[in-house]
Amino acid sequence: MASTGLAALPSQLASPGRLRRHAALSSASRSNLLHCATKVGSRCRLAVTCNAQAVAPTIIAQGTPVRPTSILVVGATGTLGRQVVRRALDEGYDVRCLVRPRPAPADFLRDWGATVVNADLSKPETIPATLVGIHTVIDCATGRPEEPIRTVDWEGKVALIQCAKAMGIQKYVFYSIHNCDKHPEVPLMEIKYCTEKFIQDSGLDYIIIRLCGFMQGLIGQYAVPILEEKSVWGTDAPTRIAYMDTQDIARLTFIAMRNEKANKKLMTFAGPRAWTTQEVITLCERLAGQDANVTTVPVAVLRFTRQLTRFFQWTNDVADRLAFSEVLSSDTVFSAPMNETYQLLGVDGNDILSLEKYLQDYFTNILKKLKDLKAQSKQTDIFF
């Protein structure tokens, strides 16, 4: 059971006057942050800890039991987050969405039937109130491109996880990246792996889901530029990615949440087939009925650009993100066998949408709309 009040929170979380940027971390945690560091060459790139033992156990006073259907979605406005929200609402969950204050309110979430609360993972004092009455946290959040990777993806997540533990959250669902444990040289992947370890050591019940890639991301990257006869950017590397529809990811997530056998499991969700960039472009060309204007960026250029940006403090974040691009542009396969996962969850693999079907449906709908608009534009009859 989770308490409905904030009185039982650790003092560093309950007292706004003591909360600052790292207030959600205990002094031992802050000390450990400096201990587990990843080095690139002779330079320390990140200082993150993979040890959550500093999360002191907190005795929560017995409060009103929360409903198992009460969930908080963090990162609800993102590509995956919004599909998680829609699926949860369709399945009858009471959905609360943690959204950063923004000029354009997330009204579409309210229109769907979710409750929206404003909070910011980079401001730990805003987190506890969002967790009152919540049974399960589903963490889809990631930092914005313009902000340092550590701000939300590490420091904010540590604060969120510690708050969840302190307030008796029953389950924590975290989305990570496939193969994140194999690429410590990439800041985002290292942080994802350390966050996995932090959750596992926290004492929370959890489900960790590693993802390979979203089909939705291919629309803006390849499909739209091809239709608009604009440049399509690619690399000369044979990377293969098993893209998955975010609707399938959301569906499998809720099946896993209801399956006791999935508790405290680390799973990878991957699509039916792994694709290279060139194969995706070729498929889009065939479905669109026109050739793509492909601009190829050699992997060597990415490496040189990353090395150059690392020399300047104000371009460090660019270098961090280029590191991720470099991995995606290497001879790597982002895929995993799914038979055991399907068996664990009781899912038929044939029900998982393929990339061919996803893009075929997209181009069929778009081309039909374009055809209808073209037909309307040719109408010359004028009525008075």
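## Close-up views of a predicted model

The structure holds 15 salt bridges. The model is predicted. The legends below take up selected sites.

**View 1. The salt bridge of Arg67 with Asp94.** The closest N and O atoms of the two side chains are 3.0 Å apart. Arg67 counts as exposed because its relative accessibility is 51%, and the cut-off for exposed is over 50%. Asp94 is partly exposed, at a relative accessible area of 33%.

**View 2. A salt-bridge network of Arg240, Arg273, Glu279 and Glu356.** Arg273 pairs with Glu279, and their closest N and O atoms are 3.5 Å apart. Arg273 also meets Glu356 in a salt bridge, at 3.9 Å from N to O. This second pair joins distant parts of the chain, 83 residues apart. Arg273 is placed in the loop between strand E11 (265-269) and helix H9 (277-288). Glu356 is in helix H13 (residues 355-377). How exposed is Arg273? Arg273 is partly exposed, with a relative accessible area of 34%. Glu279 is partly exposed at 25%. Glu356 is partly exposed at 31%.

**View 3. Packing of helix H5 (residues 149-166) with helix H6 (residues 187-202).** Two packed helices are described by the angle between their axes and the distance between the axes. Here the axes come within 10 Å. They cross at roughly 10 degrees. H5 is therefore roughly parallel to H6, since angles under 35 degrees count as such. From H5, the contact is made by Ile149, Arg150, Asp153, Trp154, Lys157, Val158, Ile161, Gln162 and Lys165. From H6 come Pro187, Leu188, Ile191, Lys192, Cys194, Thr195, Phe198, Ile199 and Ser202. By class, the contact of H5 with H6 has 10 nonpolar, 3 polar and 5 charged residues.

**View 4. Thr246 in helix H8 (residues 246-257).** Is Thr246 buried or exposed? Thr246 is buried, with a relative accessible area of 0%. Beyond residues up to four places away in sequence, Thr246 touches Thr79, Leu80, Gln83, Phe214 and Gln216. Phe214 is 32 residues from Thr246 in sequence. In space, the C-alpha atoms of Thr246 and Phe214 are 6.2 Å apart.

**View 5. Ala292 in the loop between H9 and strand E12 (293-297).** Ala292 is buried, at a relative accessible area of 16%. Which residues does Ala292 contact, leaving aside neighbours within four places in sequence? They are Ile226, Val232, Ile281 and Glu285. Ala292 and Pro225 are 67 residues apart along the chain. Their C-alpha atoms are separated by 8.0 Å.

**View 6. Thr268 in strand E11.** Thr268 counts as buried because its relative accessibility is 13%, and the cut-off for buried is under 20%. Neighbours within four places in sequence are set aside here. The contacts of Thr268 are then with His178, Arg210, Cys212, Ala336, Met338 and Thr341.

Definitions and conventions
Residues are numbered from 1 along each chain as its sequence is written. This is a predicted model: local features need pLDDT of at least 70, side-chain atom pairs count only at pLDDT 80 or more; totals for chains, interfaces and linings use all residues. Side-chain values use heavy atoms; hydrogens and water are left out. A salt bridge is a side-chain nitrogen of Lys or Arg within 4 Å of a carboxyl oxygen of Asp or Glu. Buried means under 20% relative accessible area, exposed over 50%, partly exposed in between (1.4 Å probe, protein chains only). Helices (H or I, at least four residues) and strands (E, at least two) are DSSP runs, numbered from the N terminus. Axes are lines fitted to C-alpha atoms, for helices over the stretch in contact, and angles run from 0 to 180 degrees between N-to-C directions. Angles under 35 degrees count as roughly parallel, over 145 as roughly antiparallel, 65 to 115 as roughly perpendicular and the rest as oblique. Contact means heavy atoms within 4.5 Å. Ala, Val, Leu, Ile, Met, Phe, Trp, Tyr, Cys and Pro count as nonpolar, Asp, Glu, Lys and Arg as charged, and the others, Gly among them, as polar.
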